[in-house]
Amino acid sequence: MELLDRPLEDLCAEARALRDQGHGRLVTYSPKVFIPLTKLCRDVCHYCTFAGPPRPGERAYLTVDEVLEIARAGAAAGCREALFTLGDKPELRYRAARGELADLDCTTTLQYLHRAAAAVLEETGLLPHLNPGVLTREDLRALRPVSASMGAMLETTSERLSARGRPHFGSPDKLPAARLATIAAAGEERVPFTTGILIGIGETRAERLDALRTIRELADRHGHVQEVIVQNFRAKPGTRMADAPEPPLEELLWTIAVARLVLGTSAHVQAPPNLSYDDFPRLLDAGIDDWGGVSPVTIDHVNPEAPWPEVERLRAATESRGLELAPRLAVYPEWISGRWIDPDVMPAVLRASDSLGLAREDSWSPGEDIGVPFVPRDALPVDTRDELGEDELVRLFRARGRERDRVFAAADALRREACGDEVTYVVTRNIQYTNVCYFRCGFCAFSKGKLAANLRGAPYLVPHDEIVRRCEEAWERGATEVCLQGGIHPAFSGDYYLSVVRAIKAAVPGLHVHAFSALEVWQGAATLGLSLDEYLATLRNAGLGSLPGTAAEILDDEVRRVICPDKVTTEQWLQVHDTAHGVGLRSNVTMMFGHVESPRGWARHLLRARDQQLRSGGFTEFVPLPFVHMEAPMWLRGKARSGPTFGETLLVHAIARLALNPVITNIQVSWVKLGREGVAAALRAGVNDLGGTLMNESISRSAGAQHGQELPPEAMEELIRAAGRVPRQRTTLYADVPDERRLASFAAAPLAEPVNPPVKEARLVAPPRLVRPGFAYSQLP
């Protein structure tokens, strides 16, 4: 109760400090559409203009088609949330409601709400947030499979406000006991829940504190209260409280500040900006960390006289306080898990979210042929002189807005210091020798995929003579490298990989063979009963030049258990590359990101790559590979995000530069994943290498990538020069290429059509027991 007497300035300062401790510089808002499913209500709150009695000639409920029209308009405008607001159980008061529900083959408003929310979720991907009033556990259980979250304002714990002459008289659903029972039931049913208080309707400060304390107790007990709204009463013409005094701004600021102090650092405290008009930026001074829902499409039907401020005004206000604005979903990140989200809703949540569990900033996804949403701006570089550990890297990965530009600037400055203005690339040919694989990676659309017939064709195996023909053709076109990878056919043994290398080196001895991931090496050695160093030395002696760093995915076993449980573990991947470096073979390290992992997984991956490089020194470059989601099996099953956002993609490249310097100095960008515009942006974020010209590319295309199969030297150098940089054609190991190779690479003849014979023609026979690494299998000796 000491809060009642403390000066407002002191309360606000402490509230801001608690907010910053719990949420850093991030302030969120929810881009939403407001769907007033029905404005009939059995309650008669004295301040409300939303609800009213039936009107002749007007429908009591929106039709599902009308609901979908609103939702589709919101989705087209970038909204993520569909806020369903409606009166409480109007069928208990109005015959018109009962009759219309009967015509809709429903007996209750909640039954119709379920139908409408399900349609929005299925047809638009917007996440329904439901505000239908007082609910039982059975009601909540029925609505959970069609909503990401629900809510009900507590408003007050004061029973006297329900007495005759008070604002809640005649409104049985506003009795505090009924509201509290709903909030508690939501916790018992594991529903992420929004609640809050309404100030200025006759309650005292002490009563507000009691309501906040009660919400805190329920939140502590169940863990489900995702946000608490502090809303100020606004008098509306035509209501019984039209002449009632409105609470002054200082009273609202006091209440927000004490809400933060009562609820704690981790709570999400929200105040509607539109109800404070031009004074809304001052709400930040009292400790809010969320602006609530803001719609570019619909009005605030509860407060139609108060339009929402435009997002750019919110952003300017937020940045004026040294904070950063970010869009969120209807469910906050802390509640995005199988415990809180129904399995039928989780796919839509994941597809709409970024790596932090917030809303995706834009519609960009890796592999899609659309423009980039932004390019890095000039900024003062962030200070990264101290060594970057896991927590420091995670903090950098959370950067947005101006701070993100500072991260890009730091990476670009470090790139200039380490590599100058040269941008390198290699003329290479990719050969994926089979699309048959007995491993079950959830992200791989190369050997699986809904559109397999028109993306990758029938199962095939490229015979040795065709592999050699492609290598000879690549040599004639100026290539210095062939990159070989593919599925792991059940019949493959270590002898197969050796035979491919020997065939290539016999025909084209000058061509560098960059081949076989850690999985292929591990499997090849295991099938021959050899140790890794014995097998890798044999490959080296046969002519293998280096290893690609694929199969790394995320070097964090928490993630690998989800996306590739039977693939090599983190330790096994590092063991293969450590051994390769030990026998004189160089390799690179990749990271496939943007699916189920978080920035902490990215940080661990970078640190493990850095530590390995300090031990063995054999990595030539780091290659971030953003997840191309469109045909990935785990995305089609609703188990993954839609790849990284563009901001996340550039941050991974930039922070890799910062984290790996000076032990790995080459940071590569994949033009197949980012496209030309994305590459140009990445060149301003720490990148100095564009990888290979490729000639053929199947793996990203199988997942839905649309950026083509070849970027010839002419296009590579045009792109590099357009960015104000200096192109240099390199070898696999970053030496200059001979003049004759460079000359041969320009104006190269068109490629002959590759031949991919059906795998059955090879008549391969698999062994009775397949070799698998992964978590259930022991490592090689």
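How do the residues lining the second largest pocket divide into nonpolar, polar and charged?

A: In this predicted model, the lining of the second largest pocket divides into 18 nonpolar, eight polar and 13 charged residues. The lining comprises 39 residues, and the pocket that they surround has a volume of about 1000 Å³. Nearest the centre of this pocket lie Arg-80, Arg-360, Glu-361, Asp-362 and Ser-363.

Rolling a probe the size of a water molecule over the atoms shows where empty space is left. The model contains four cavities of 30 Å³ or more. The second largest cavity holds about 80 Å³ of space. Its lining consists of 13 residues, and those nearest the centre are Phe-397, Ala-399, Arg-400, Arg-404 and Glu-648. By class, the lining of the second largest cavity has four nonpolar, three polar and six charged residues. Helix α22 (residues 646–660) gives the largest share of this lining, namely three residues.

Helix α22 also takes part in a helix–helix packing. Its partner is helix α11 (residues 390–397); the two axes lie 10 Å apart and form an angle of about 150 degrees. An angle over 145 degrees counts as roughly antiparallel, so α11 is roughly antiparallel to α22. The crossing of these two helices is right-handed. On the α11 side the contact involves Leu-393, Leu-396 and Phe-397, which meet Leu-651, Val-652, Ile-655, Leu-658 and Ala-659 of α22. The residues of this contact comprise eight nonpolar, no polar and no charged.

Helix α17 (residues 532–542) and helix α19 (residues 570–582) have axes that come within 9 Å and cross at roughly 55 degrees. At that angle, α17 and α19 are therefore oblique to each other. The crossing of α17 with α19 is right-handed. Leu-532, Asp-533 and Leu-536 of α17 make the contact with Gln-575, Val-576, Thr-579 and Ala-580 of α19. The residues of the contact between α17 and α19 divide into four nonpolar, two polar and one charged.

Conventions. Residues are numbered from 1 along each chain as its sequence is written. This is a predicted model: local features need pLDDT of at least 70, side-chain atom pairs count only at pLDDT 80 or more; totals for chains, interfaces and linings use all residues. Side-chain values use heavy atoms; hydrogens and water are left out. On a 1 Å grid over the protein atoms alone, a cavity is a set of points where a 1.4 Å probe fits but cannot get out, and a pocket is an open set with protein on both sides within 12 Å along at least five of seven lines; lining residues have an atom within 4 Å of a point. Grid points are joined across faces, edges and corners, and a volume is the space filled by probe spheres set on the points. Helices (H or I, at least four residues) and strands (E, at least two) are DSSP runs, numbered from the N terminus. Ala, Val, Leu, Ile, Met, Phe, Trp, Tyr, Cys and Pro count as nonpolar, Asp, Glu, Lys and Arg as charged, and the others, Gly among them, as polar. Axes are lines fitted to C-alpha atoms, for helices over the stretch in contact, and angles run from 0 to 180 degrees between N-to-C directions. Angles under 35 degrees count as roughly parallel, over 145 as roughly antiparallel, 65 to 115 as roughly perpendicular and the rest as oblique. A crossing is left-handed if the near helix is turned anticlockwise from the far one by less than a right angle, and right-handed if clockwise. Contact means heavy atoms within 4.5 Å.
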